Amino acid sequence: MQRYPKIALRNGKRYFFRFSQVQRIQHIVLFSTVITLALTGFPLRYYDQPWAKPLYEFVGGIEIAPWIHRITGLILLGLFVFHTGYWIYLFFKNRVGRLIREKTLSVGNVIREFFSMEMIPNRKDFFDLIDMFKYLLYFSNRRPHYDRMSWKEKFDYFAPYWGIPILGPAGAALWFRDEITHYVPGIVLNAFYIMHTDEALLAALFLFFVHWYNVHYSPEKFPMATVFLTGYLSEEEMIHEHYDEYERIMKEEGLELEIIPQNH
Amino acid sequence: MNIDINNRLHSVCRDRWRSTAPVCMIRGLLCCLLMFCGFGLFLSDAYAAAAADELNCVLCHKYRGLSRIDEAGDFRLYYINKGLFNKGPHKRVQCKDCHADIDKIPHDPAEKVDCTIQCHLTEPSGNEKFTHKPVAEVLAKSVHGTVDKGEEDVQYPEDYPYCTDCHDQPLYRPLSFFKGQAAGVSERGLSRCKTCHQTGDFAEDFYNHVTSRLQKMRVSSEIVKLCAKCHGDEEFQERHGLQGNVVASYWETFHGKAAYFGSDEAPDCIDCHVVYGENVHSIAGRASRASATHEANVSATCRASECHADAGEQIAGYQVHTDYGDPDKYPLQYYMLKFFKYLMAGVLYFFITIIFLELLRRLFPDFSFIKQPEEKRQSTISTAAKQ
């Protein structure tokens, strides 16, 4: 934990820890592969559009691009497996380990620990969502006080967790169509084709409109939020986006008196 | 694609014309001179070159603008590119062998050529006069022919294809293992034949004859466009009771997309609709047991040695010509598409609404629906009045 102090000081300003190096590298691998997959995939979906052919030629053409797509897909699947192993490892090391040390290991406690992980949706997210709509529709002047992960970030996180298990196996099945037809009927390939291409479109549109709005186009972030590079979020952004966590960390670090109130 | 090929052909012809024009002219002059002298037959090489155009039709047809608007209002081009013609399959055939009705010069509009007539060439394996009749017979019995058809099926005889409806563009590509060759005969390949076959143009002709049959002469997308001339026409489909727009649904498959992006290996109509190893002209209707796409044969067709050879028999269940808008015929595809459509709309509209509201909130920060208590409102008003 010492490696990443919860609050770092740079030029007299406070920065709050959010993402470790391993996490930031995972994010870089994730977006590089997704962008590559989109560039080598969508020209095929929209083959009859004027931009499709030049773009497809640019990314390798019909001889090369499919292989780039497949290999990149494998890297993304690898990342998915790695990440799942990563949080399971952290879960056992930090949480189950603590339960063992405290000699309170039981099925109920492990389940409780699981649901208290920062990425797992909980009841607070539901009330935060209501708070957000109250704020956005002018029924309240108080922004929702999000904790470490807001419901939006959780949604962003679970989008690939839903998308990759749909896209990956479907893509692999279309790749190994000959082998797969020994085990499943041919019409499954029709289904996989729709799954692969439509889920990809959903993912791409979500990332382009929603995720990029949150981290690029939004007036607060334009041209780019830097937390994915530095791993730290400025005090101002913390107050704005994660007020509950901000208060908690300031208290933990003994800076209770310096907590700045959130004036919407 | 067609434009590409035309350009390519034109440039090939132009190059060829440039390189051979002086030689041809000298040969032609020599030939005339010697024929006058009655010695022409002794110079076999010069004779062979002239033999393709005994009646000197190219005298007029060499002009690029030779054309007219015919009775139907169609533009007809009568230009013959000799360089290209001499590379084609009919190189050794006289114009009059096919255009048999022409008997004077200048001639009247020629009739449509009958490809089944016997020409002056001798078929080398059997010593008989050559004709395309066997191919025409196969075609006549196929789904594209009118033999053994019910009356209602041949109501529109003009819809059935004639030879030239498909064989409309000669395009010759050398075998791919001779590198860097454009259209035409590979000199490198030829050099291996010419060591022994030195007389006349035999090596060129034979090489052309064989290699043109060893490879696909058109890229996949061109074949599809050829078939689409009829099968992509909705009225045509209706007239013949054919299933939906098979051309559009083909382009939607990976087969179609690969063909569209110029893959030489992409399967086109012929690859699936002709029984593996059979003559292309023998395509049978889907209902016929002899058809490559008959229920019982699909699996064998897909698993042909050049395609999905390692696939299981169930690959036959893949629905190639899917109409995504037809819930009765393709319920799985239709409802899956619906599901993803609604999911996508739901997710995107939800988040885009939030983004919109956020921007609105930022634009008008002071607006509020909160009802202030009466005293507080009064005090705000009085403070405002004092100021």
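Analyst: In helix 9 of chain B, the buried residues pack against helix 8 (187–194) of chain B. The model is a predicted one, and what follows should be read with that in mind.

Helix 9 covers residues 202–214 of chain B, 13 residues in total. From its first C-alpha to its last it reaches 18 Å, close to the 18 Å expected at 1.5 Å a residue. Its buried residues are A203(B), Y207(B) and N208(B). Viewed down the axis of helix 9 of chain B, these buried residues fall within an arc of 125°, so they line one face of the helix. The face turned away from that buried side carries H209(B), V210(B) and R213(B), which are exposed. In this helix, then, N208(B) is buried, while H209(B) is exposed on the face turned away.

Chain B contains 17 helices and 4 strands. If its contacts are limited to pairs at least 6 apart in sequence, 40% of them join residues at least 24 apart. P106(B) sits in the loop between helix 5 (95–98) and strand 3 (122–123) of chain B.

The C-alpha trace of chain A spans about 65 × 50 × 40 Å along its principal axes. Chain A holds 11 helices and 3 strands, and from the N terminus on the elements run β-β-α-α-α-α-α-α-α-α-α-β-α-α.

The two chains touch: 33 residues of chain A are in contact with 37 residues of chain B. On the chain A side, two or more residues each come from helix 2 (52–58), helix 3 (61–101), helix 7 (177–180) and helix 8 (187–217) of chain A. Helix 8 of chain A makes the largest contribution to that side, with 14 residues. By class, the side of chain A that touches chain B consists of 21 nonpolar, 6 polar and 6 charged residues.

The strands of chain A come next. Its 3 strands form an open sheet in the order 1-2-3, with antiparallel pairing. Strand 1 (7–10) and strand 3 (232–234) of chain A stand at the edges with a single partner strand each, so one side of each has no neighbour in the sheet. Neighbouring strands of this sheet are turned by 40° against each other on average, direction ignored. Strand 2 (residues 13–17) of chain A is joined to strand 3 of chain A by 3 bridges, and the two run antiparallel. Within chain A, F17(A) stands opposite Y232(A), which belongs to strand 3.

The loops of chain A have some backbone features of their own. N11(A) lies in the loop between strand 1 and strand 2 of chain A. Its phi is near 50°, a positive value in a residue other than glycine. N11(A) is exposed because 5 other C-beta atoms lie within 10 Å, where 12 or fewer is the cut-off for exposed. K103(A), in the loop between helix 3 and helix 4 (107–115) of chain A, has a phi near 55°, a positive value in a residue other than glycine. K103(A) also counts as exposed, because it has 6 C-beta neighbours inside 10 Å. The peptide bond from F222(A) to P223(A) is cis, with omega near 0°. P223(A) lies in the loop between helix 8 and helix 9 (227–230) of chain A.

To return to the helix asked about: helix 9 of chain B has its buried residues on one face, these pack against helix 8 of chain B, and the face turned away carries exposed residues, among them R213(B).

Note on methods:
Residues are numbered from 1 along each chain as its sequence is written. Chains are lettered from A and ligands numbered from 1 in the order in which they are written. This is a predicted model: local features need pLDDT of at least 70, side-chain atom pairs count only at pLDDT 80 or more; totals for chains, interfaces and linings use all residues. Two strands pair if DSSP finds at least two bridges between them. Axes are lines fitted to C-alpha atoms, for helices over the stretch in contact, and angles run from 0 to 180 degrees between N-to-C directions. Two residues are in contact if their C-beta atoms, placed from the backbone, lie within 7 Å. Ala, Val, Leu, Ile, Met, Phe, Trp, Tyr, Cys and Pro count as nonpolar, Asp, Glu, Lys and Arg as charged, and the others, Gly among them, as polar. The expected span of a helix is 1.5 Å times one less than its number of residues. A residue is buried if 20 or more other C-beta atoms lie within 10 Å of its own, exposed if 12 or fewer, and partly exposed in between; C-beta atoms are placed from the backbone. The arc is that of the directions from the helix axis to the C-beta atoms.
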